[in-house]
Amino acid sequence: MSIKIRTQRFAEYTEIKLLLSHPMENGRNRDPNGQLIPAHFIRELTLELNDKTVVNANLGGSMSKDPFFTFRLKSTVTGDRLRIRWLDNHDLSDQAEHVIE
Amino acid sequence: MLRRVFLKTLSRYLSAVLGSLAFPKHALSKWPEQDFAAGDFSDKFREIFADLPISDSQEIIINLPEIAENGAVVPITISSALPNIKRLYIWAEKNPTPLVAEFEFDESMMLFLTARIKMAESCPVIVIAQQGDQLLRNQKWVTVMQGGCGTG
């Protein structure tokens with residue numbers, strides 16, 4: 001599991017692209033032996049800009065595997081710090097930081 | 001005199017009721033297990049929005065494929081130039097868990113989002129945006145060739 005963050009500054013906004021590697025199992029798929037794969041998905045995703053929460057999301061098992069998101073910040077300056085965190089239904093979590101150029 | 005007392009009581013009662021209806025019931029802080037439970041769309045929808053008025057708005061712009069070959073990965077883009085939208089809800093009407101996601105945006109964010117969602121079968125995808133204390137709705141039909149929510 002990992003978090004990839006990419007940002008690009010445009011005149012009107014800064015675009016944030018996030019790729020979270022996660023199975024996002026909803027508990028309704030079966031493995032090759034026909035056994036149900038237990039639900040395992042990210043429940044909470046947070047984006048912080050310079051330690052202030054700017055996006056807070058609650059997700060369910062209807063989000064696709066390896067969630068990919070784009071968000072847009074109205075304005076940023078060089079050196080702004082972005083932190084991404086997630087928490088899943090097994091209480092596993094991950095976080096990553098990125099400095100905007 | 002009695003009439004005045006009655007009106008006072010009535011108005012107090014009404015403002016309490018209206019006050020409690022002004023916003024969907026929870027703040028986006030802790031994952032709301034009940035909202036994301038499996039169930040029928042209209043029941044789940046009512047649990048969150050009760051009987052709050054919701055207006056249809058073409059100014060909530062949804063981009064989705066008309067036909068999704070693979071229901072496991074359906075790309076969605078939501079945007080709006082309307083000011084003051086703090087919250088978005090994404091619903092897939094026929095999914096076993098119809099509430100897909102809820103997002104809360106700070107004012108430093110533009111109202112723009114892309115994501116990838118699962119769809120079990122052809123149905124409308126419904127987006128609810130909370131603008132101040134108003135709820136706005138737009139929706140788009142997606143024809144799904146192969147369901148993406150597993151067989152259960």
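What follows is a dialogue about the labels given to parts of this predicted model.

Trainee: Let us begin with the chains. What is the secondary structure of chain A?

Mentor: Chain A has seven strands and zero helices. Its pattern along the sequence is β-β-β-β-β-β-β. The C-alpha trace of chain A spans about 50 × 20 × 20 Å along its principal axes.

Trainee: And what does the secondary structure of chain B come to?

Mentor: Two helices and nine strands. From the N terminus on, the order in chain B is α-α-β-β-β-β-β-β-β-β-β.

Trainee: How much of each chain counts as buried?

Mentor: In chain A, 31% of the 101 residues count as buried. In chain B, buried residues make up 31% of 152. The label requires 20 or more other C-beta atoms within 10 Å of the residue's own.

Trainee: What share of the contacts joins residues 24 or more positions apart?

Mentor: Among contacts with a separation of 6 or more, such pairs account for 52% in chain A. For chain B the corresponding share is 68%.

Trainee: Why is Asn50(A) called partly exposed?

Mentor: Asn50(A) has 14 C-beta neighbours inside 10 Å. Buried starts at 20 and exposed ends at 12, so a count in between is partly exposed. Asn50(A) therefore gets that label. Its place is the loop between strand 3 (42-49) and strand 4 (52-59) of chain A.

Trainee: What makes the phi of Asn50(A) worth a remark?

Mentor: Phi of Asn50(A) is near 50 degrees, a positive value, and the residue is not glycine. Most residues other than glycine have a negative phi.

Trainee: Why does Asp91(A) count as exposed?

Mentor: Its count is 7 C-beta neighbours inside 10 Å. The cut-off for exposed is 12 or fewer, so a count of that kind qualifies. Asp91(A) therefore counts as exposed. Asp91(A) is in the loop between strand 6 (81-88) and strand 7 (93-99) of chain A, and has a positive phi of about 65 degrees without being a glycine.

Trainee: How do you know that strand 2 and strand 5 of chain A pair?

Mentor: Pairing requires at least two bridges between the strands. Strand 2 (residues 14-20) and strand 5 (residues 68-73) of chain A are joined by six bridges and run antiparallel. Within chain A, Glu15(A) stands opposite Arg72(A) of strand 5.

Trainee: What are the two faces of strand 5 of chain A?

Mentor: The covered face holds Phe69(A), Phe71(A) and Leu73(A), and the uncovered one holds Phe68(A), Thr70(A) and Arg72(A). In a regular strand the side chains alternate between the two faces of the sheet.

Trainee: Which strands pair across the two chains?

Mentor: Strand 5 of chain A and strand 7 of chain B are one such pair, antiparallel over three bridges. There, Thr70(A) stands opposite Thr114(B). Strand 4 of chain A also pairs with strand 6 of chain B, in the antiparallel sense over five bridges. The bridge partner of Ala57(A) in strand 6 of chain B is Phe103(B).

Trainee: What is the order of the open sheet of six strands?

Mentor: The order is 1(A)-2(A)-5(A)-7(B)-4(B)-2(B), with antiparallel pairing.

Trainee: Why do strand 1 (3-9) of chain A and strand 2 (61-63) of chain B stand at the edges?

Mentor: Each has a single partner strand, so one side of each is left without a neighbour in the sheet. On average, neighbouring strands of this sheet are turned by 15 degrees against each other, direction ignored.

Trainee: How many residues does the contact between the chains take?

Mentor: It takes 32 residues from chain B and 28 residues from chain A. Strand 7 of chain B gives the most to the chain B side, with eight residues. By class, that side has 20 nonpolar, seven polar and five charged residues.

Trainee: Which residues have the most contacts inside the largest nonpolar core?

Mentor: They are Ile90(B), Trp91(B) and Ile117(B), in a core of 55 residues. Strand 5 (residues 85-92) of chain B provides the largest share of this core, six residues.

Trainee: What does Ile117(B) touch?

Mentor: Leaving aside residues up to four places away in sequence, Ile117(B) touches Ser62(A), Met63(A) and Ser64(A), and also Val74(B), Ile76(B), Ile90(B), Ala92(B) and Val100(B).

Notes:
Residues are numbered from 1 along each chain as its sequence is written. Chains are lettered from A and ligands numbered from 1 in the order in which they are written. This is a predicted model: local features need pLDDT of at least 70, side-chain atom pairs count only at pLDDT 80 or more; totals for chains, interfaces and linings use all residues. Helices (H or I, at least four residues) and strands (E, at least two) are DSSP runs, numbered from the N terminus. Two residues are in contact if their C-beta atoms, placed from the backbone, lie within 7 Å. Ala, Val, Leu, Ile, Met, Phe, Trp, Tyr, Cys and Pro count as nonpolar, Asp, Glu, Lys and Arg as charged, and the others, Gly among them, as polar. Axes are lines fitted to C-alpha atoms, for helices over the stretch in contact, and angles run from 0 to 180 degrees between N-to-C directions. A nonpolar core is a set of buried Ala, Val, Leu, Ile, Met, Phe, Trp, Tyr and Cys residues joined through C-beta atoms within 7 Å.
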